[in-house]
Amino acid sequence: MEEKKFKYPTEQIELPSKGLLYSPTSPLSKGVIEMKYMTAKEEDILTSRAYIKNGSVISKLIQSCLSDKSIDPDDLISGDRNALLIALRITGYGADYDLELSCPECGKTNKATFDLSTLPIKRLLVDPVEIGVNEFEVVLPVTKKTAKVKFLTGKDEREMMIISERKKKNGLNTESAITDRLNRSIIAIDN
């Protein structure tokens with residue numbers, strides 16, 4: 001008797017980058033990714049202390065839901081990763097996101113529900129220096145210097161988290177998050 005393999009429902013997710021920042025040979029260059037809906041397996045990933053501790057929980061979740069297993073979630077730019085996470089949240093738990101907000105002035109708590117399906121997704125509006133390359137040129141408004149910048153990837157974010165944890169462990173200043181992000185995003189200024 002032949003055993004049937006269950007086919008999970010999937011959804012096509014448009015990447016905010018439109019795929020323009022990935023190599024033309026990458027499946028990401030299509031600008032659309034097929035993702036399966038979350039299951040109990042992904043719930044286990046989300047609650048895994050080991051994945052949370054080593055900073056890989058988001059990558060493991062995305063990898064588990066990707067239909068194309070050749071894609072490395074750490075290669076995705078942050079905006080694309082965020083769009084996938086919102087889509088996974090909607091398919092796994094629904095579009096309504098309930099939370100309680102506390103007023104810092106009076107301390108009163110209010111309940112609110114946000115419809116994640118209505119979130120505006122900001123699409124890439126500028127072209128990269130070259131199609132398939134995560135690099136942009138920007139003329140700085142005051143100095144008029146030309147800066148080459150890139151969007152951070154999952155790999156960049158994980159490395160920044162590891163460095164921050166090491167700094168904290170060694171008693172060093174960890175309040176340089178903005179500088180650290182800029183340091184990783186800026187490729188060059190006036191070459």
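**The sheet and its helix**

Modeller: Strand S5 is joined by 4 bridges to strand S6, residues 146-149, and the two run antiparallel. One of the links to S6 can be named: Val138 has Ala147 as its bridge partner. Strands here are DSSP runs of E with at least two residues; helices are runs of H or I with at least four, and both are numbered from the N terminus. Two strands pair if DSSP finds at least two bridges between them.

A note on the source. This is a predicted model, where local features need pLDDT of at least 70 and side-chain atom pairs count only at pLDDT 80 or more, while totals for chains, interfaces and linings use all residues. Residues are numbered from 1 along each chain as its sequence is written, and side-chain values use heavy atoms, with hydrogens and water left out.

Now widen the view. The sheet is open and has 3 strands, in the order S5-S6-S7, with antiparallel pairing. Its edge strands are S5 (136-139) and S7 (186-189), each of which pairs on one side only. On average, neighbouring strands of the sheet are turned by 25 degrees against each other, direction ignored.

Last, the helix. H6, residues 177-185, packs on this sheet. H6 touches S6 and S7, where contact means heavy atoms within 4.5 Å. The direction of H6 makes about 70 degrees with that of S7. Axes are lines fitted to C-alpha atoms, for helices over the stretch in contact, and angles run from 0 to 180 degrees between N-to-C directions.
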